[in-house]
Amino acid sequence: MEHNRTFMPWFKDEVLKDLIASKILTWLVVGLKFDVISCKAYEVNNCIFYTKSMDEKSTIQNFGVTLEVESMQLLTSKDTNPVLGSMTYYGFIEEI
């Protein structure tokens, strides 16, 4: 039980005094941040997108987002000839 209680403080001290520790390891020992940055509108390529709740207050809705992706696809699990295919995803921006 003593090991469980003292390991994380010891590990954090060891990692933080190691000047060549990886960024990921340093992030892990610093701990989680529970502050979430949230916005009600986002600008992408000069187009403004609102969250669903903000957009419902407007007369012109534009909270929907479409994303088209291309990837190599196989028709079956036994297929050995991948082909380039596209797939469209549609969704909307929600506040957390």
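**Packing of helices H1 and H2**

The axes of H1 and H2 come within 9 Å and cross at roughly 145 degrees. The crossing of H1 past H2 is left-handed. On the H1 side, the contact is made by Phe11, Lys12, Val15 and Leu16. Leu25, Thr26, Val29 and Val30 contribute from H2. These values come from a predicted model.

Helix H1 spans residues 2-17, and leucine 16 lies within it. Beyond its neighbours within four places in sequence, leucine 16 is in contact with Thr26, Val29 and Val30. Leucine 16 has a relative accessible area of 44%. This value lies between the limits of 20% and 50%, so leucine 16 counts as partly exposed. Glutamine 73 lies 57 residues from leucine 16 in sequence. In space, the C-alpha atoms of leucine 16 and glutamine 73 are 44 Å apart.

Helix H2 covers residues 23-30 and includes leucine 28. The relative accessible area of leucine 28 is 59%. Leucine 28 is therefore classed as exposed, the cut-off being over 50%. Leucine 28 also belongs to a nonpolar surface patch of about 460 Å².

How values were computed:
Residues numbered from 1 in each chain as written. Predicted model: local features only at pLDDT ≥ 70, side-chain atom pairs only at ≥ 80, totals over all residues. Heavy atoms only, no water. Helix = DSSP H or I, 4+ residues; strand = E, 2+ residues; numbered from the N terminus. Buried < 20%, exposed > 50% of the residue type's maximum accessible area, 1.4 Å probe, protein only. Contact = heavy atoms within 4.5 Å. Patch = residues over 30% accessible without salt bridge, like charges linked within 9 Å, V, L, I, M, F, W, Y side chains within 5 Å. Areas by Shrake-Rupley, 256 points an atom, 1.4 Å probe, with all protein chains shown as cover. Salt bridge = Lys/Arg side-chain N within 4 Å of Asp/Glu carboxyl O. Axes fitted to C-alpha atoms, helices over the stretch in contact; angles between N-to-C directions. Left-handed = near helix turned anticlockwise from the far one by under 90°.
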